[in-house]
Amino acid sequence: MRKPIIAGNWKMNKTPAEAAQLVTDLIPLVKDAACDVVVCTPAVCFAAVSEAIKGTNIKLGAQNVHFEAKGAFTGELSADMLKASGCEYVIIGHSERRQYFGETDKTVNLRTVAAVKAGLKAIVCVGEMKDEREAGYTDILVTYQTQMALHGLTAEELDNVVVAYEPVWAIGTGLTATDEQANETIGVIRKAIAAQFGEEAAAKIRIQYGGSMKGRNVKGLMAQPEIDGGLIGGASLKAADFAQVVNF
Ligand code: PGA
């Protein structure tokens with residue numbers, strides 16, 4: 001009942017010209033995809049990519065959004081600016097932003113609420129570090145991160161939210177959570193959403209796995225009942241690699 005969603009997180013890669021080339025190569029490869037297909041590009045690529053994907057099944061996303069509508073926030077972009085630039089989605093609270101740019105559960109919440117209220121679809125990232133998993137805190141942590149991120153939204157507004165479970169130790173490392181580990185923790189996230197918004201909202205919301213997901217492991221992960229898609233870093237930077245994931 002939940003339509004899978006595969007999103008590429010390009011991170012800080014690709015110039016506008018390179019971005020246009022990548023999506024142009026991607027279009028024919030994913031045109032028959034059974035899932036939603038999203039590319040989250042650097043902001044400088046929005047114009048080139050939104051032009052190239054016109055009339056296709058590929059959607060554009062951003063990698064961050066500010067929570068204020070406008071004002072003295074040097075270097076930031078508002079939800080309305082993203083929408084006006086062709087973005088339908090935005091990644092919020094990626095672990096790299098939490099680790100390197102001072103993102104907290106509080107600011108993840110502010111950004112998520114601002115994005116959804118402005119009409120964007122939020123891809124909200126949660127996930128534990130290696131030492132937190134080893135110490136047995138994964139479930140408590142992802143429950144807290146998820147409930148805090150979604151605080152202040154209504155159950156209806158969850159239609160415009162995707163959660164991405166990304167164990168930090170699996171990002172860019174080549175280490176993937178096992179299919180069972182990923183499924184189990186995503187089940188914990190779904191329970192956290194059920195406690196906060198009710199069973200129906202929890203059954204409807206899409207929860208992705210992210211962390212070294214690629215052509216080689218996508219099938220096993222997507223066969224798990226709780227996993228509704230992927231947030232793909234490294235394997236989203238080449239059209240053929242990303243298409244392999246999309247066409248799992
Ligand atoms: P990766 O990145 O696929 O390169 O591990 C995933 C992510 O950070 O979203």
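First, the ground rules. This is a predicted model, where local features need pLDDT of at least 70, side-chain atom pairs count only at pLDDT 80 or more, and totals for chains, interfaces and linings use all residues. Residues are numbered from 1 along each chain as its sequence is written, and side-chain values use heavy atoms, without hydrogens and water.

Now the cores. A nonpolar core is a set of buried Ala, Val, Leu, Ile, Met, Phe, Trp, Tyr and Cys residues joined through side-chain atoms within 4.5 Å. Buried means under 20% relative accessible area, with a 1.4 Å probe and protein chains only.

The largest nonpolar core has 69 residues. Val49, Leu158, Val161, Ile193 and Tyr209 touch the most other members. Helix α8, residues 179-197, gives the most, seven residues. Helices here are DSSP runs of H or I, at least four residues; strands are E runs of at least two.

Take Val161. Beyond its neighbours within four places in sequence, Val161 contacts Val116, Ala122, Val124, Leu150, Leu153 and Ile205. Contact means heavy atoms within 4.5 Å.

A second, separate core has eleven residues, including Tyr89, Ile91, Ile123 and Leu231.

Next, the cavity. Its lining includes Gly93, His94, Arg98, Cys125 and Glu166. By type, the lining holds three nonpolar, four polar and two charged residues.

Last, Gly152. Gly152 sits in the loop between α7 (138-150) and β6 (161-165). The C-alpha atoms of Gly152 and Val113 are 7.0 Å apart, though 39 residues separate them along the chain.

Note on methods: Buried means under 20% relative accessible area, exposed over 50%, partly exposed in between (1.4 Å probe, protein chains only). On a 1 Å grid over the protein atoms alone, a cavity is a set of points where a 1.4 Å probe fits but cannot get out, and a pocket is an open set with protein on both sides within 12 Å along at least five of seven lines; lining residues have an atom within 4 Å of a point. Ala, Val, Leu, Ile, Met, Phe, Trp, Tyr, Cys and Pro count as nonpolar, Asp, Glu, Lys and Arg as charged, and the others, Gly among them, as polar.
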